[in-house]
Amino acid sequence: MSECAVQRVSKAPVPVPSPYSVLLADHTTLRVGGPASRFVVARTPDEVARLVGEADDAGIPVLILGGGSNMLVCDDGFDGLVVRVAITGLDGNVSDCGGAVVNVGAGEVWDDFVAHAVEQGWSGAEALSGIPGSVGATPIQNVGAYGAEVADHIYSVRTWDRQARAFRTFAAADCEFSYRNSIFKRTPGRYVVVEVSFQFPLGSLSAPIRYAELAGRVGVAVGGRADAALVRSTVLTIRAGKGMVLDAADPDTWSAGSFFTNPIVTEEVAATLPDDAPRFPAGEGMVKTSAAWLIQHSGFEKGYARERAGLSTKHVLALTNRGGASAEEIVALAREVRDRVAERTGIELVPEVNLIGCQL
Ligand SMILES: Cc1cc2nc3c(=O)[nH]c(=O)nc-3n(C[C@H](O)[C@H](O)[C@H](O)COP(=O)(O)OP(=O)(O)OC[C@H]3O[C@@H](n4cnc5c(N)ncnc54)[C@H](O)[C@@H]3O)c2cc1C
């Protein structure tokens, strides 16, 4: 067997200032949400276990918060304990044989980690550049973009299991990842992610690019590889053009990203859609279509507004706060979009966003 040099990599945890505030609008990218009756910051896995465990013992409802970029919190706020997971730090091993195996604190900012991975020559996360939020939230809905999913490179996920009152580590195969879904999303609130471990091959080239627009922009065929740093910068440019990179000055980004998931329907249902509807294979007898296409086909234009809530002027799938909107205004817009799409196409859109205290 050949010798394999293993290099230790690590980054010291960064102390997080206590961002104590009880208005959840200040902690969500949609900028809506009423007060939390108690708000704490957990900086270590043991703090998560203690804070969440004490609340569970006392029967106090708990809301786990990362970057607040996939949440619509109601105007009444949250009557319970909000635990913001702020566990930082990165360590792992890099070797020619195993590539980079890195353990990342759940509170690290996802896009900072992607930038670091690209700089280090850890290949595979580049197409997921620009997604807001924390590392710990990425396995929850198996974040994805431009033909890549975080599940492609997750090795394991360490959690606090609120039911068993113990730490539990899931191997990737046990996370039940699928399109915008996982065991963590299917059992809401049970598992608090404290650390995510990733495995990446080493190299300056990206993972094979599966998304035609991205492949074209970096000058390769679909399935080809390009310089990972170029892929990252190209993804950031494409995303910014769609209002999908957070920008405090741009209300098109005051959203939770895509509000609805792309519907997966049977071949029979897909056959009822007009010929130009996007169709992608989604497993035996199933077809994935585009929520954005359905919304546009149902007569909504970019920038369509209702009071202070509106569709992004750059992307119909992002419901945005045009400034001072209430959660109820966002909900009313979401209902209008969902209902008209159902009426015109027969397909019911399902929210990708986590609704906290509100219902569509
Ligand atoms: C402009 C914009 C663009 C976006 N683009 C994309 C995209 O391309 N692809 C994509 O998939 N998503 C996208 N999103 C959605 C969002 O960024 C991701 O879902 C992200 O992973 C959410 O991270 P967060 O830390 O902000 O989670 P939060 O919004 O804080 O939480 C989301 C859910 O996860 C739970 N949660 C958070 N942290 C933990 C934890 N440590 N343990 C257990 N549960 C936890 C929360 O309770 C909640 O249910 C976008 C959002 C915005 C605003």
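Predicted model: local features only at pLDDT ≥ 70, side-chain atom pairs only at ≥ 80, totals over all residues.
**Figure 1. An aromatic cluster is built from Trp-110, Phe-113, Phe-198 and Phe-200.** A search of the whole structure finds 12 aromatic pairs. One of the pairs joins Trp-110 to Phe-198, with 5.9 Å from centre to centre and 45 degrees between the planes, and is classed as tilted. Trp-110 belongs to helix α2 and Phe-198 to strand β12, so this pair ties together parts that lie 88 residues apart in sequence. Trp-110 and Phe-198 are both buried.

**Figure 2. Phe-170 and Phe-184 form an edge-to-face pair.** The two ring centres are 5.1 Å apart and the planes stand at 85 degrees; because edge-to-face pairs are those with planes over 60 degrees apart, this pair falls in that class. Phe-170 is in strand β11 (residues 166-171) and Phe-184 in helix α3 (residues 183-186), so that distant parts of the chain, 14 residues apart, are linked. Phe-170 is buried, at a relative accessible area of 1%. Phe-184, with 3% relative accessibility, also counts as buried.

**Figure 3. Helix α2 (residues 110-120) carries a series of buried residues.** These are Trp-110, Asp-111, Phe-113, Val-114, Ala-115, Ala-117 and Val-118. In an α-helix there are 3.6 residues a turn, so residues three or four places apart point the same way. The elements covering the buried residues of α2 include β6 (90-95), β7 (99-105), β12 (191-200) and α5 (228-241). After α2 comes Gly-121, which has a positive phi, near 80 degrees.

**Figure 4. Strands β13, β15 and β14 make up an open sheet.** The 3 strands are arranged in the order β13-β15-β14, and their pairing is antiparallel. Strands of a sheet pair through backbone hydrogen bonds. Between β13 and β15 (residues 286-288), the antiparallel pairing extends over 3 bridges. Ile-264 has Lys-288 of β15 as its bridge partner.

**Figure 5. Charged side chains are placed over the aromatic rings of Tyr-179 and Phe-167.** Lys-288, the bridge partner of Ile-264, has its charged end over the ring of Tyr-179, at 3.9 Å from the ring's centre. Arg-158 lies over the face of Phe-167, and its distance from the ring centre is 4.3 Å.

Definitions and conventions:
Residues numbered from 1 in each chain as written. Heavy atoms only, no water. Pairing = 2+ DSSP bridges. Helix = DSSP H or I, 4+ residues; strand = E, 2+ residues; numbered from the N terminus. Buried < 20%, exposed > 50% of the residue type's maximum accessible area, 1.4 Å probe, protein only. Contact = heavy atoms within 4.5 Å. Phe/Tyr/Trp six-rings, centres within 6.5 Å; stacked < 30°, edge-to-face > 60°. Lys NZ or Arg CZ within 6 Å of the ring centre and 35° of its normal.
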